[in-house]
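Visitor: Could you walk me through this protein chain, taking the fold, the core and a pocket in turn?

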Amino acid sequence: MPALPSDHLALVLLVFVLGLKHGFDADHLATIDGLTRFNARANPGWARYCGTLFSLGHGAVVVAIALAVSLLSGAWSAPEWLELSGAWISIAFLILLGVLNLRAVFAAEAHELVHPVGLKGRWLGRLGRAAHPGGVAVVGALFALSFDTVSQAALFAMAGVQAGGCLPAAGLGLVFMLGMLLADGANGWWIARLIARADGTARVASRVMALAVAGMSLLVAAYGLARMLSPALEAWGEGKELTLGAAVVGVIFASFLVGLRLARGRDVASQSVA
């Protein structure tokens, strides 16, 4: 987990960027993909909002955890091993998600869309086919009951306590939720558009995005591992959390634009040949 800055504006910006970055997590992408695809058939009227609903449920739990930890902070302090074990767990999951998504890209047939691969979604069972807005929000809430989300919410809570108490802690949770809402909402809309097209444009765009998510997962894992093993790199990274988080989000967004451009170029070329 990153060290949070003491400046209030920098703190809010960092938490917002962390929310954006969290929304681009491969597990989020894969689950929203599945929910959107299911509801594109069952409930096409609101299928595009699956990412938004998922994020609202997820964010509500983040805010609740931040409030609870801030209220209990006087009687409880995080053990020293929590941050270290959390970092290693995060690195392991990022590597696994990166490898699985790379495999999905190269295993997909030429006529198929590439579906993002997640880990948590495999435990959902029938919930992965939620056909009601409330059910989609519940899936998002269940996703928040994980080590990485709870640890981040606890971090916001402690920063909020230092800034003035439980209300600042809840405010930081809401800022995190807003960043995640933008990323997850855009992803749900994006998947709905790909489903509606189901053509060469969609296939190219889905491959570019899957490669970007896989590549960034592996790069972030490699950077985290290098920081764990190199005190010099860890010292260099102190205070650069906002810049590095924004770079990750920027690469994902740029990949989205590149995917659209390549796909449109493919369409133009096909029309010219025809």
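Guide: One term is needed at the outset: a nonpolar core is a set of buried Ala, Val, Leu, Ile, Met, Phe, Trp, Tyr and Cys residues joined through side-chain atoms within 4.5 Å. Please also keep in mind that this is a predicted model.

Visitor: How many residues does the largest nonpolar core have, and which element gives the largest share of this core?
Guide: The largest nonpolar core has 29 residues, and Val114, Trp190 and Ile252 are those with the most contacts inside it. Two or more residues come from each of α1 (8-23), α2, α4 (80-107), α7, α8 and α10. Among these elements, the largest share, seven residues, is given by α8.

Visitor: Which residues is Ile252 in contact with, leaving aside its neighbours within four places in sequence?
Guide: Ile252 is one of the residues with the most contacts inside the largest nonpolar core. Once the neighbours within four places in sequence are set aside, the contacts of Ile252 are Phe24, Met209, Ala212, Val213 and Met216.

Visitor: What secondary structure does the protein chain have, and what percentage of its contacts with a separation of 6 or more is between residues 24 or more positions apart?
Guide: The protein chain contains ten helices and zero strands, and buried residues make up 45% of its 274 residues. Of the contacts with a separation of 6 or more, the share that joins residues 24 or more positions apart is 79%.

Visitor: Which element gives the most to the lining of the second largest pocket?
Guide: The second largest pocket, with a volume of about 390 Å³, is lined by 23 residues, and Phe24, Asn187, Trp190, Met209 and Phe256 lie nearest its centre. By class, the lining divides into 19 nonpolar, three polar and one charged. At least two residues of the lining come from each of α2 (26-42), α7 (166-197), α8 (200-229) and α10 (241-273). The element that gives the most, with eight residues, is α7.

Visitor: Why does Glu109 count as partly exposed?
Guide: Glu109 is placed in the loop between α4 and α5 (133-143). Partly exposed covers what lies between the buried limit, under 20% relative accessible area, and the exposed limit, over 50%. Glu109 therefore counts as partly exposed, because its relative accessibility is 44%.

Definitions and conventions. Residues are numbered from 1 along each chain as its sequence is written. This is a predicted model: local features need pLDDT of at least 70, side-chain atom pairs count only at pLDDT 80 or more; totals for chains, interfaces and linings use all residues. Side-chain values use heavy atoms; hydrogens and water are left out. Helices (H or I, at least four residues) and strands (E, at least two) are DSSP runs, numbered from the N terminus. Buried means under 20% relative accessible area, exposed over 50%, partly exposed in between (1.4 Å probe, protein chains only). Contact means heavy atoms within 4.5 Å. On a 1 Å grid over the protein atoms alone, a cavity is a set of points where a 1.4 Å probe fits but cannot get out, and a pocket is an open set with protein on both sides within 12 Å along at least five of seven lines; lining residues have an atom within 4 Å of a point. Grid points are joined across faces, edges and corners, and a volume is the space filled by probe spheres set on the points. Ala, Val, Leu, Ile, Met, Phe, Trp, Tyr, Cys and Pro count as nonpolar, Asp, Glu, Lys and Arg as charged, and the others, Gly among them, as polar.
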